[in-house]
Amino acid sequence: MKAITLETFGNADVLELGDAPTPQVRPTDLLVRVYAAGVNRADLTHRNGGYGRPDFGDSPIIGLEIAGEVIALGAAVVGYAVGDRVMGVVGGGAYAEIARIDYRMAMPIPAQLDYVHAAAIPEVFVTAHEAMMHLGRLKAGDSVLIHAAAGGVGSAAVQLAYATGATVYATTEGSKSARVEHLGADVAINYKTEDFAEVIAQRTQGRGVDVIIDFVGAPYFSRNIASLANGGRLIQVGILGGGGDVSLKLEHILYRHLQIIGTVMKSRTQPEKHAMIHRFREHWLERFEGGGSLEPVVDSTYPLARAADAHRRMESAENVGKIILTMQPQDLL
């Protein structure tokens, strides 16, 4: 089969289309002919050597998110059949014609969605639900600040927060504000020209927000803490702006009853990942059906052979929503 091979770590140029063996089906696997795969920040980390080895996870092939058609089943699989359209999160191997996926990490594709839009759902919406709803316990009437709101997880989080009935504050570039507001943000904050902590203080009369979803890390940490209401929860989903040391006064945590919670799907155990998929599927999947309130946001598509260009698009930070690789026959030439 054709796949993106990773012979060495480095910039986007190391991603090349080559040949790879078809993955072996284990008892709990679905074997899927992949028609679309989502590009995620974790893929850039993998490509740059951030996980330390090329075979981190379940496959030496890069990629975590697929949509396609089931072509074979493991003996222990229940609930799926050959020919089913599925989407889901894999432990590697998405940038390929054929991938295997634990059936408990798969979900049926809503009938009206094509493969491209289906591939824009699993990783970002599951991550957004886990961070904001399960860990952050966001509920109707709460307020939330979502950073990097035009990105994949950010745009999903804005939609879920809006659908929950929360007041949504969102940071983004000024050129993306209208799109973020269309997705459900009550207030779009231009992080290049505005201090989000000052905006939150003004808009909430000094109260702060109940939940913050942050992908940036150290540069935002102190302002995030200042922007939380009493009892507020900061959910750290990424460190795009840098990790390292941060400082805070323990009195703020103690007397304001604050919580700081980190979450990364890739390093979770398989049972934990199964539970994450189940929680999202039970709560939200039907909202993608015809007339539902949720929409996968696709920024752009690239044929598999141009995976390097897709990575460059993500590195530019110009995207609004998901970047998708396609695997139709003409895309593999």
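This is a predicted model: local features need pLDDT of at least 70, side-chain atom pairs count only at pLDDT 80 or more; totals for chains, interfaces and linings use all residues.
Which residue forms a salt bridge with Arg26, and how far apart are the closest N and O atoms? I looked this up before anything else. Arg26 pairs with Asp58, the closest N and O atoms being 2.9 Å apart. I took a salt bridge to be a side-chain nitrogen of Lys or Arg within 4 Å of a carboxyl oxygen of Asp or Glu.

**Ground rules.** I number residues from 1 along each chain as its sequence is written.

I placed both partners of the opening pair. Helices (H or I, at least four residues) and strands (E, at least two) are DSSP runs, numbered from the N terminus. For accessibility I used relative accessible area: buried is under 20%, exposed is over 50%, and partly exposed is in between (1.4 Å probe, protein chains only). Arg26 is partly exposed at 32%, and Asp58 is partly exposed at 26%. Arg100 also forms a salt bridge with Asp58, with the closest N and O atoms 3.6 Å apart. That pair links distant parts of the chain, Arg100 in strand S6 (residues 98-102) and Asp58 in the loop between H1 and S4, 42 residues apart. Arg100 is buried, at 18%.

I searched the whole structure and found 19 salt bridges. One of them joins Asp309 and Arg306, the closest N and O atoms being 2.9 Å apart. Asp309 is partly exposed at 28%, and Arg306 is partly exposed at 40%. Salt bridges with shared partners join Asp13, Arg306, Asp309 and Arg312 into one network.

I noted domain 1 (2-124 + 269-326) and domain 2 (136-262); the bounds come from an automatic or database domain assignment. Their C-alpha centres lie 27 Å apart. The contact (heavy atoms within 4.5 Å) takes 14 residues from domain 1 and 16 residues from domain 2. How many salt bridges cross the interface of domain 1 and domain 2? The rule finds zero.

Thr171 lies in strand S9 (residues 167-172). Is Thr171 buried or exposed? Thr171 counts as buried because its relative accessibility is 1%. The side chain of Thr171 reaches the backbone nitrogen of Ala148 at 3.3 Å. Ala148 itself is in the loop between strand S8 (143-146) and helix H4 (152-164). Ala148 is not a glycine, yet its phi is positive, about 50 degrees. Ala148 is partly exposed, at 33%.

Ala317 has a positive phi of about 60 degrees and is not a glycine either. Ala317 lies in the loop between helix H10 (307-316) and strand S15 (322-326), and is partly exposed at 34%. Last, I checked helix H3 (residues 122-135), where 13 of the 14 residues are buried.

How values were computed
Side-chain values use heavy atoms; hydrogens and water are left out. A polar contact is a pair of N or O atoms within 3.5 Å; within protein, one must be able to donate a hydrogen and the other to accept it, and residues adjacent in sequence count only if both atoms are side-chain atoms.
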